[in-house]
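Hi everyone, thanks for coming. Let me put the sequence and the structure up on the screen, and then we can walk through a few spots together.

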Amino acid sequence: MNFATNFYTENAPFTRTITLLGQRVDLRIRASGFGWRFGDGERLATSSPGSPYPRLEITHSYQDSGAVRAAVDTTYSADWRVDGGGWQPVAGTVTIAGAPVALDVVEASPTLVGYR
């Protein structure tokens, strides 16, 4: 407990192309927000997906030991264009709830050890 736990998610934009009424429609979709649910009632909203260790960008310190279910909800924004024209923003966003991941929060005790 009270040690910063690092959180991050993989994040990569993607594109899709569809044909609608005989017109080629391109979509650029990207994550624009992240809602972190740490499983202990605490939440954090960021525009960053976090980073793997050692960059501790999104962290949380649990106050109590026990089982928690942490998750991240991702908000997506998009742009569209027809037949190679100019890009236009899609009005609004879509948030997809992340599946909770079980974590066991344990208490760590620092111990001084000697080197030989």
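Let's start with a question: leaving aside its neighbours within four places in sequence, which residues is Arg 37 in contact with? The list is Glu 42, Arg 43, Arg 69, Ala 70, Ala 71, Asp 73, Ala 97 and Gly 98. Please keep in mind that this is a predicted model.

So where are we? Arg 37 belongs to strand S3, which covers residues 23-37. With a relative accessible area of 22%, Arg 37 counts as partly exposed, because buried would require under 20%.

Now pick Asp 73 out of that list. Asp 73 sits in strand S6, residues 66-82, and Asp 73 is buried, at a relative accessible area of 15%. The side chains of Asp 73 and Arg 37 make a polar contact at 2.7 Å.

Gly 98 joins this picture through its backbone. Its nitrogen lies 3.0 Å from a polar atom of the Asp 73 side chain, while its oxygen is 3.2 Å from a polar atom of the Arg 37 side chain. Not counting residues up to four places away in sequence, Asp 73 also touches others, including Gly 33, Phe 34, Thr 95 and Ile 96.

Phe 34 takes us to the aromatic rings. How many aromatic pairs does a search of the whole structure find? There are four. Ring pairs connect Phe 7, Phe 34, Trp 36 and Phe 38 as a cluster.

One last stop: Arg 28 lies over the face of Trp 87, 3.9 Å from the ring centre.

Methods:
Residues numbered from 1 in each chain as written. Predicted model: local features only at pLDDT ≥ 70, side-chain atom pairs only at ≥ 80, totals over all residues. Heavy atoms only, no water. Phe/Tyr/Trp six-rings, centres within 6.5 Å; stacked < 30°, edge-to-face > 60°. Lys NZ or Arg CZ within 6 Å of the ring centre and 35° of its normal. Helix = DSSP H or I, 4+ residues; strand = E, 2+ residues; numbered from the N terminus. Buried < 20%, exposed > 50% of the residue type's maximum accessible area, 1.4 Å probe, protein only. Polar contact = N/O pair within 3.5 Å; in protein donor to acceptor, adjacent residues only side chain to side chain. Contact = heavy atoms within 4.5 Å.
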